[in-house]
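Work through the exercises below with the sequence and the model open. Each task is followed by a solution in steps.

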Amino acid sequence: MEIKRKEREFKSREKERERERERERERESNKVGGIEMDSSIYYERDRAREQSRREREQSRRERERELEKPQTTNTPSTPFPNPLNSNNHNHNHNHNHNTTNHLSPQSPFEDSGEDESNEKEIEKEKPNFNTSGKLLLDEQTGHSINGVSIKFIEPTDAKRPTRRWRLYPFKDDKLLNFIPLHRRTFYLFGRDRYVATIPTDHPSCSSQHAVIQFRSVNDSLTGQITVKPYLMDLKSTNGTQLNKEKIEPSRYYELKLEDKIIFGFSSREYILLAEDMV
C-alpha cells in the first residue's frame, strides 16, 4: 500500500506540473505584440478546473480509506457438503465465485464515473413567476386585492351589468370626467389606492369607504331577471350619504337613476346616470 500511495503522489505531482505548463502555454498564446492580454476570462475556467480536481482528489482519498478498512462480513453457517454429491459441490463453487466477484474491491486507479458527474454543472432551479401568496388568494377567494384584505365579499348573485351605467362627479358645481360603471361587477371607493377601484382622496374618507355592487335580481315590476346597482357603506368613519341621507353600514341600498352619492365630508357629489339617458 505504501508503494501504491507514493506512486499516486508522484502521478499527482506530474499532472500538476503538466497543468502548470499548459497554463503557461495559454499565457504565451494570449500575448499580442509582446504584451500579455487580459486573461481574466480564463480565470474562472482555471478556478473551476482546480475545484473539480480537488473534489476528485478528495473523493479518491475517501475511496482509499474505505478500502483500507477491514471488511467484516457475516457469512451464514452452512451444513458440511456431501463430497459424494457433485451437484452440491458445483453449486457451492459457483456461489463462492459470485461472492468473490461481488466483494472484489475496485481499483483506486479505475475511473468510477464520479469525475464526469462532478464536472457537470448543477442545473439551477428556474424562477417561478406563477401567482403565489396573497395574490393567489385574490384569484381563489376574492377576499383580497393586491395582497390587501377587503372588507366585503361579493354576493353569489354578483354579475357584470349589460347596461352602461355612469357616475358623473361634480366639485363645486363643476362637472368632471364621468366614470364608466359597466366593466366590472363591483367598484370600491376609498383612499387606499392599492385596492380602491375609484380613489377618494379626501381626508374624511376611509381607506375602504364604500362599494357599488351589481347584482342579478328579480325585478318586481317586470318579473324578469335584471342586473341592478347597489350601494353599501363599509363601516367607514364618517359614513356615506345617499340623496343627502346617511345610510347604515354593511347594508345594500338599491341605486336608481339620478341618485346622488357623497362620501364622508367630501365636497364631491356623484350622480348616477346611464349612457342611454344622457
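**Exercise 1.** Is H209 buried or exposed?

*Solution.* The model is predicted, so local features need pLDDT of at least 70 and side-chain atom pairs count only at pLDDT 80 or more, while totals for chains, interfaces and linings use all residues. Residues are numbered from 1 along each chain as its sequence is written, and side-chain values use heavy atoms, with hydrogens and water left out.

Step 1. Apply the cut-offs: buried means under 20% relative accessible area, exposed over 50%, and partly exposed in between (1.4 Å probe, protein chains only).
Step 2. H209 has 0% relative accessibility, so H209 counts as buried.

**Exercise 2.** Locate H209 and list the polar contacts of its side chain.

*Solution.* 
Step 1. H209 is found in the loop between β9 (198–199) and β10 (210–218); strands (E, at least two residues) are DSSP runs, numbered from the N terminus.
Step 2. A polar contact is a pair of N or O atoms within 3.5 Å; within protein, one must be able to donate a hydrogen and the other to accept it, and residues adjacent in sequence count only if both atoms are side-chain atoms.
Step 3. The side chain of H209 has such a contact with the side chain of S236, at 3.3 Å, and another with the side chain of T240, at 3.3 Å. It also reaches the backbone nitrogen of G264 at 3.5 Å.

**Exercise 3.** Describe the setting of T240.

*Solution.* 
Step 1. T240 belongs to strand β12 (residues 240–242).
Step 2. T240 is buried, because its relative accessible area is 0%.
Step 3. Beyond four places in sequence, the contacts of T240 (heavy atoms within 4.5 Å) include H209, L231, D233 and F263.

**Exercise 4.** Why does the aromatic pair of F152 and F186 tie together parts that are apart in sequence?

*Solution.* 
Step 1. Rings of Phe, Tyr and Trp (its six-membered ring) pair if their centres lie within 6.5 Å; planes under 30 degrees apart count as stacked, over 60 as edge-to-face and the rest as tilted.
Step 2. The whole structure holds six aromatic pairs.
Step 3. F152 lies in the loop between β4 (148–149) and β5 (165–171) and F186 in strand β8 (residues 186–190), so the pair links parts that are 34 residues apart in sequence.
Step 4. Both F152 and F186 are buried.

Definitions and conventions:
Helix = DSSP H or I, 4+ residues; strand = E, 2+ residues; numbered from the N terminus.
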